[in-house]
Amino acid sequence: MPYQNDLLQSSIPLEQKKSNYVNHLIIGLVCAILATASYAFFSIKPAPSTANEIALTIPDITTNIEQPIKLPNPTNTTSEASTPPLETSATPSMQSLSTIWQEHKIKSGESLSAIFSKNKLSKSDLHKIVHANDISSQFAAIRTGKSLMIGLDSAGELSHLTYKKSPYEEIKATRLEDGNFNVELNLKEIERRISSASVIIHSSLFVDGIDAGLSNQTIMQLADIFAWDIDFALDIRENDQFSILYESLYIDDKPIGTGDILAAEFINQGRSTKAIRYKDPAGKVSYYTPEGNSMRKAFIRTPIPFARISSGFNLKRKHPVLNRIRAHKGVDYAASTGTPIKVTGNGKISFRGKQHGYGNVVIVQHGQRYSTLYAHMSKFHKGQHTGQHVNQGDIIGYVGKTGLASGPHLHYEFRIDGVHRNPLTVSLPNSSPIPKKYKAAFLEESKSLLSQLETLNATQIAEKSQ
Ligand SMILES: [Zn+2]
């Protein structure tokens with residue numbers, strides 16, 4: 001793919017290249033697992049075959065369709081430490097010259113008390129440290145694999161104890177003149193820089209995103225922001241493209257990871273969708289369209305992501321058995337028995353039980369006007385009851401074939417004011433737009449982000465036409 005090299009060399013800003021190695025660090029084992037699962041969902045079809053891709057099948061969890069999994073590029077999955085070696089030394093800055101430091105790597109199940117015993121430290125010092133103040137209890141939350149730095153004075157007595165909770169938090173105990181300990185939490189300031197990337201999809205959202213230096217986390221975030229507009233399993237095509245502005249996090253000039261996406265544009269099959277992050281003065285963070293509408297919809301389109309539709313909404317369907325016109329007032333999703341069914345919007349369970357024909361059925365009322373129905377369930381989700389509030393995405397039951405069903409599937413209905421509507425095409429209401437009192441501030445703030453996105457796109461288009 002010669003073009004991809006072009007892309008890497010010319011359109012990814014310097015900032016981006018610099019932070020590449022952070023991404024490599026982040027892509028540890030956990031991410032590799034995440035990515036492996038995600039590749040199945042985010043690859044474009046038909047999947048192009050390259051040397052780095054191996055097709056295999058995953059167990060049928062949510063769908064009958066077998067999806068190819070693309071294994072991540074081997075260069076990205078070497079078993080680099082999942083915790084980036086950000087500081088060359090965990091030595092605290094305040095120390096006497098005579099302090100002798102030793103590192104204790106915390107083993108599985110090891111308590112602070114056990115560590116004190118192993119290092120022949122005084123039990124009374126341990127007691128003083130853990131009871132020093134409110135912060136000292138955090139020493140109890142030490143984690144396996146991390147290190148405690150033990151500082152001893154010339155007499156071999158404990159003078160310092162430090163534990164690096166995270167790249168930017170360190171708990172430190174220091175012996176005072178009176179023999180007691182002072183415990184403090186040191187926070188390092190995180191600097192947020194804006195990075196950008198502009199990517200044309202040739203292989204998959206993940207492969208091309210990672211090639212462009214994006215982290216798994218950023219790519220997942222991107223998919224999440226656009227989830228209401230783009231079906232990443234089915235809609236992605238070669239030459240789709242996206243541009244994003246996102247935060248890169250630094251401590252003492254060293255990259256430690258990525259923060260939020262600030263703005264993004266995704267062009268899917270020629271259709272552009274833009275999203276802008278806005279943090280209101282109360283601290284609430286959401287993504288909005290440039291007009292200030294929420295990127296989230298009050299409803300997700302489908303209760304079983306990635307499932308095959310076996311029968312659509314059709315008011316004039318000729319019934320296969322009865323051989324006469326009988327409306328099909330919902331959509332059928334074929335899926336294996338036991339596949340979880342997710343409620344498509346926030347609401348209240350108004351019915352949960354058996355109804356002739358529908359079998360085990362759950363009906364959810366969403367505000368005054370909307371209701372959704374989920375039929376033929378093999379079983380209900382445990383611990384829920386009629387009248388209970390449920391949130392969008394909550395599992396409410398499992399696919400089955402109870403009632404009048406020839407095979408396992410979900411029959412899903414969407415009603416507005418009691419009238420059946422086609423769940424696949426009904427125009428879905430947005431969840432709340434930006435509050436009026438913040439609208440002006442949002443529009444002002446988004447100006448600069450939008451113009452930066454525009455610039456990124458212009459570069460991309462210039463690239464394309466070369
Ligand atoms: Zn049906």
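Strand 16 and strand 20 (residues 409-416) run antiparallel and are joined by six bridges; helices (H or I, at least four residues) and strands (E, at least two) are DSSP runs, numbered from the N terminus. Two strands count as paired if DSSP finds at least two bridges between them. In this pairing, leucine 373 has glutamate 413 of strand 20 as its bridge partner. This is a predicted model: local features need pLDDT of at least 70, side-chain atom pairs count only at pLDDT 80 or more, and totals for chains, interfaces and linings use all residues. Residues are numbered from 1 along each chain as its sequence is written.

**Strand 16 and its other partner**

- Eight of the eight residues of strand 16 (residues 370-377) are buried, so this strand is largely enclosed by the rest of the structure. A residue is buried if 20 or more other C-beta atoms lie within 10 Å of its own, exposed if 12 or fewer, and partly exposed in between, with C-beta atoms placed from the backbone.
- Strand 15 (residues 359-366) is antiparallel to strand 16 and is joined to it by six bridges.
- Methionine 377 in strand 16 stands opposite asparagine 360.
- Three residues separate strand 15 and strand 16 in their hairpin, and glycine 367 in the turn has a positive phi of about 65 degrees.

**Sheet 6-7-8-9-10**

- Five strands make up an open sheet with the order 6-7-8-9-10 and antiparallel pairing.
- At the edges stand strand 6 (191-200) and strand 10 (285-288), each with a single partner strand, so one side of each is left without a neighbour in the sheet.
- Neighbouring strands of this sheet are turned by 25 degrees against each other on average, direction ignored. Axes are lines fitted to C-alpha atoms, for helices over the stretch in contact, and angles run from 0 to 180 degrees between N-to-C directions.
- Ten bridges pair strand 6 with strand 7 (residues 241-251) in the antiparallel sense, and the bridge partner of valine 199 in strand 7 is phenylalanine 242.
- Helix 8 (residues 216-225) packs on the sheet and touches strand 7, strand 8 (254-268), strand 9 (271-279) and strand 10. The direction of helix 8 makes about 35 degrees with that of strand 8.

**Nonpolar cores**

- The largest nonpolar core has 37 residues, and those with the most contacts inside it are Leu222, Ile225, Ile244, Ala263, Ala264 and Ala275. Such a core is a set of buried Ala, Val, Leu, Ile, Met, Phe, Trp, Tyr and Cys residues joined through C-beta atoms within 7 Å.
- Among the elements that each supply at least two residues of this core are helix 7 (205-211), helix 8 and helix 9 (436-464).
- Strand 8 gives the largest share of this core, five residues.
- Alanine 264 touches Leu222, Ile225, Phe242, Ser243, Ile244 and Ala275, not counting residues up to four places away in sequence. A contact requires C-beta atoms, placed from the backbone, within 7 Å.
- A second, separate core has 25 residues, including Tyr333, Ala335, Tyr358 and Leu410.

**Sheet 1-2-3-4-5**

- Another open sheet has five strands in the order 1-2-3-4-5, with antiparallel pairing.
- Strand 1 (100-105) and strand 5 (181-187) are at the edges, each with a single partner strand, so one side of each is left without a neighbour in the sheet.
- The twist averages 20 degrees from one strand to the next.
- Strand 4 (residues 169-175) and strand 5 pair over seven bridges in the antiparallel sense; arginine 175 stands opposite phenylalanine 181 in strand 5.
- Helix 6 (residues 123-130) lies across strand 3 (158-166), strand 4 and strand 5, at about 50 degrees to strand 5.
- The hairpin of strand 2 and strand 3 has five residues between the strands, and glycine 156 there takes a positive phi near 80 degrees.

**Whole chain and confidence**

- The protein chain has nine helices and 21 strands, and 34% of its 466 residues count as buried.
- The mean pLDDT of the protein chain is 79, and 77% of its residues reach 70 or more. pLDDT is the predictor's confidence in each residue, from 0 to 100.
- Over residues 1-94 the pLDDT is below 50, and this stretch has 142 contacts in the model beyond near neighbours in sequence.

How values were computed:
Contact = placed C-beta atoms within 7 Å.
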